[in-house]
Amino acid sequence: MAETVAGTTVSARRSRITPERAAELYEAVLDLLREVGYDGLTMDAVATRTRSSKATLYRQWGSKPELVARALRHNKPVSLDDIDTGSLRGDLHQMVIRSDDCQMQRDAALMRGLLHAVHENPDLHEALRNLLIEPEITGLNTVLRRAVERGEVAADNPALQYAVHVLIGGFAARDLIEDRPVDGAFLASYIDAVLLPALGV
């Protein structure tokens, strides 16, 4: 089935690129993003860095925004869909435990560098929302739904609709206010002190 990303129709996974090869390409894309930023990154540069053809890149990913979004998605070490400890606090803390401090810092720096590009490039914004942000929101909503079903959180708790905003706020605020990167210890404390009380846990 075909999918459309940023106005480009791409046949789903027509290429014979292996998962291992795709991982190499994604890592190269992230390296280039760190070196030259989104605006400086080109499909030609990716092709040169990975010794692949530009035609292959377009056949597999369709556009630069989709390639970047999928590289970021592949780079994410933790999926909330894979976590089910039996409690909301356990699920959220397991998310933190599975995350590496160094990786979180690198990812945060990468996303800060993309913020300006997102505002200037609607296609990138759309790709990031479809391929990175929406899956994360869906995963968090699944975790919260299980908490409601277990009776940990009231179904009519108004904070449920703001849980993702609270988490993102924690990432943004520490760097902005304290000029310090987010790490596992901060996130665990933030979850216990801010998010869980708001949810009545």
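In this predicted model, the domain assignment divides the protein into domain 1, residues 16-70, and domain 2, residues 76-199. Taken over C-alpha atoms, the centres of domain 1 and domain 2 are separated by 26 Å. The two domains are in contact, with 12 residues taking part from domain 1 and 11 residues from domain 2.

The extent of this interface can be expressed as an area: about 950 Å² is buried between domain 1 and domain 2, and carbon and sulfur atoms give 72% of that area. On the side of domain 1, the residues that lose the most area to domain 2 are R34, Y38 and A69, which together account for 52% of what that side buries.

Between domain 1 and domain 2 the rule finds 0 salt bridges. Two elements, α1 (19-40) and α4 (64-75), each give two or more residues to the side of domain 1 that touches domain 2. Of these, α1 supplies the largest share, 7 residues. By class, this side of domain 1 has 6 nonpolar and 6 charged residues, but no polar ones.

Attention may now turn to an annotated segment. An unreviewed UniProt entry places the feature "DNA-binding region" at residues 42-61. Over residues 42-61 the chain is 80% helix and 0% strand, and the C-alpha atoms at the ends of this segment lie 13 Å apart.

The last topic is charge pairing. Side chains of opposite charge can pair when their charged atoms come close. By the rule applied here, the count comes to 16 salt bridges, whereas the interface of domain 1 and domain 2 has 0.

Terms used:
Residues numbered from 1 in each chain as written. Predicted model: local features only at pLDDT ≥ 70, side-chain atom pairs only at ≥ 80, totals over all residues. Heavy atoms only, no water. Domains from an automatic or database assignment. Contact = heavy atoms within 4.5 Å. Buried area = accessible area lost by both parts, 1.4 Å probe. Salt bridge = Lys/Arg side-chain N within 4 Å of Asp/Glu carboxyl O. Helix = DSSP H or I, 4+ residues; strand = E, 2+ residues; numbered from the N terminus. Nonpolar A, V, L, I, M, F, W, Y, C, P; charged D, E, K, R; others polar. UniProt positions renumbered as here; feature names shortened; annotations may be inferred.
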